[in-house]
Amino acid sequence: MTETGAATELLAMRDVRVTYQTSEGPLPAVRGVDLVVRRGEVVGVAGESGCGKSTLVSTVLRLQPKDAEVEGAVEVLGDDVQTMKWGDLRALRWAGASIVFQGALHSLNPVQRVGRQIAEPIGVHEPGLSTDAVDRRVSELLEQVGLSASRARSYPHQLSGGQKQRVMIAMALACRPQLIVADEPTTALDVMVQAQILDLLRALVRDLDVGLMIISHDLSVLADICDRVLVMYAGRVVESGTAAEVFADPKHPYTAALSGAFPRIGDQAARYSPGGLAGDPPDPRSLPDGCSFAPRCPRVVERCTSAEPPLADVGGRPVACIRAGEP
Ligand code: ADP
Ligand code: MG
């Protein structure tokens, strides 16, 4: 691998589309996403529940369900994941890229010590390693995520939520991947612990020189940790840029709502939605005409409903809103 160009792109998604076949017809969950993660970089994907974030994550290691059709290209470390041979894909999982799945901290085996669970992927990928060497590696991993090595002997119920999430991160690091994907890694945690986990992830990216794609429905979670942020709505990217730009100067009305820039609307339901935005994202099976955000948009005008706005340059970065350049 050379040090420049494509080789620094640990993950490259080009026009990725994912459609689920459901009993009520095709459900286009992801509708043409481009995303790149380079070495040493933290890239965030924000958007409310249902916007297609986890579906996008599932394509990174071809883990989408059978009823999902994936189009476009997903390249990890330069190889197309969606077309690669099964053996190559198996080698890539854990050792090339690893995923901390949404809700994963509830997936730890309750009757197995966490040390054994961290050791499992190591055993699969380096079957020749001695028990001692594996134990040493597990200790090292636990310390890397800020836990004492003696925690290897704990069962999941003996750990707090934050400690369990650290175990999940240790597991993701077990086979020394270059790319890590973390889907809502802090959502189940309280604010203090959330900040500690984000600090840990940021430090790991710096120290290990890996790339991190991090997903959150909460844009403010991504603001501090990310280099770049993409905002998704109804399966598409509606805005992207550096975290500072997107957070401090949101150009799409949806991003503005997510960052809390709009005053809260008085109705009760809106208090539980980001930025006081009333309603929910549309069902991908019945998208509205034109801009998918139009039915909820505080800036909507008639022409918003005639065509879906493409990502276009607004002040030097891509924004999918025909009014974004207007004062
Ligand atoms: P997010 O992670 O942003 O909450 P998801 O990727 O989980 O979004 O879901 C995006 C859309 O795809 C939603 O409309 C959801 O109902 C639908 N969906 C997710 N998984 C499946 C599946 N296995 N089969 C059918 N539809 C699905
Ligand atoms: Mg999700």
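An oxygen atom of ligand 1 lies 2.5 Å from an N or O atom in the side chain of Thr55. The protein covers 69% of the 560 Å² of accessible area that ligand 1 has on its own (Shrake-Rupley method, 1.4 Å probe). This is a predicted model, in which local features need pLDDT of at least 70, side-chain atom pairs count only at pLDDT 80 or more, and totals for chains, interfaces and linings use all residues. Residues are numbered from 1 along each chain as its sequence is written, and side-chain values use heavy atoms, without hydrogens and water.

| Residue | Part of residue | Distance to an oxygen atom of ligand 1 |
|---|---|---|
| Cys51 | backbone N or O atom | 3.2 Å |
| Gly52 | polar backbone atom | 3.1 Å |
| Thr55 | side-chain N or O atom | 2.5 Å |

Of the 14 residues around ligand 1 (a heavy atom within 4 Å), Gly50, Gly52, Lys53, Ser54 and Thr55 come nearest. Helix H1 gives the largest share of this shell, 3 residues.

The magnesium ion (ligand 2) has Ser54 (OG) and Gln102 (OE1) as its protein donors, at 2.1 to 2.2 Å; donors are N, O and S atoms within 2.8 Å of the metal (3.2 Å for Na, K and Ca), and water is not among the atoms, so sites may look incomplete. Ser54 belongs to helix H1 (residues 53–60), whereas Gln102 is in the loop between strand E6 (97–100) and helix H3 (114–125), 48 residues apart. Ser54 is partly exposed at 31% relative accessible area, and Gln102 is partly exposed at 45% (partly exposed lies between buried, under 20%, and exposed, over 50%; 1.4 Å probe, protein chains only).

Definitions and conventions:
Chains lettered and ligands numbered in written order. Helix = DSSP H or I, 4+ residues; strand = E, 2+ residues; numbered from the N terminus. Polar contact = N/O pair within 3.5 Å; in protein donor to acceptor, adjacent residues only side chain to side chain.
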